[in-house]
Every structure is written in C-alpha cells, then in structure tokens.
Amino acid sequence: VKTFGPFGSGHPDNLTMYMDLADGIFLNQIMLQIDPRPTNQRINKHVNNDVNLRIQNLTILVRNIKTYYQ
C-alpha cells in the first residue's frame, strides 16, 4: 500500500493514513490498478465518517478481490 499514491511519498501522520485506509476509497483505487476490468459498483468517495458507507466500500473491495482471484 505504501508504494501507491500519497503513502509512497512523504510521511503522512498515522491518523490520516488510517482514515484513508478505513474509508476503503484508497484500497479500491489500488485494486482498480491491479485489475482494471470495469465493475458496476461505484465506491462512495465522500464517506465523512459514515460507518455504513465505509462498509459498502470495503464490501465492494472484497468482491473485487474475490473476482480477481477467481
């Protein structure tokens, strides 16, 4: 994860790194680089600490990982 995007350059504080990962947006972007096949699901880019939106983003991520390995 540190080799992609903002984590690869500079030293962001731990809270910022955690929030970026917990929202699922950044991890979904990485997965899209690994497997660029289009999916019908859109991630929620404006999570704003909403737990349900985080869960949806991470659920999409898990589905994309399963599809990639299958």
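Is Tyr69 buried or exposed? Tyr69 is exposed, at a relative accessible area of 68%; exposed denotes over 50%, buried under 20%, and partly exposed the range in between (1.4 Å probe, protein chains only). The structure is a predicted model, in which local features need pLDDT of at least 70 and side-chain atom pairs count only at pLDDT 80 or more, while totals for chains, interfaces and linings use all residues. Residues are numbered from 1 along each chain as its sequence is written, and side-chain values use heavy atoms, with hydrogens and water left out.

**View 1. The aromatic pair of Tyr68 and Tyr69.** The ring centres of Tyr68 and Tyr69 lie 5.2 Å apart with planes at 80°, so the arrangement is edge-to-face; planes under 30 degrees apart count as stacked, over 60 as edge-to-face and the rest as tilted. Tyr68 is partly exposed, at 37% relative accessibility.

**View 2. The largest nonpolar core.** Ile25, Ile43, Val47, Leu53 and Ile60 make up this core of 5 residues. A nonpolar core joins buried Ala, Val, Leu, Ile, Met, Phe, Trp, Tyr and Cys residues through side-chain atoms within 4.5 Å. Leaving aside residues up to four places away in sequence, Ile60 touches Asn28, Gln41, Arg42 and Ile43 (contact: heavy atoms within 4.5 Å).

**View 3. Positive phi at Asn48 and Asn49.** Asn48 has a phi near 50°, and Asn49 has one of about 60°. Most residues other than glycine have a negative phi. Asn48 is exposed at 68% relative accessible area, and Asn49 is exposed at 56%.

Notes:
Rings of Phe, Tyr and Trp (its six-membered ring) pair if their centres lie within 6.5 Å; planes under 30 degrees apart count as stacked, over 60 as edge-to-face and the rest as tilted.
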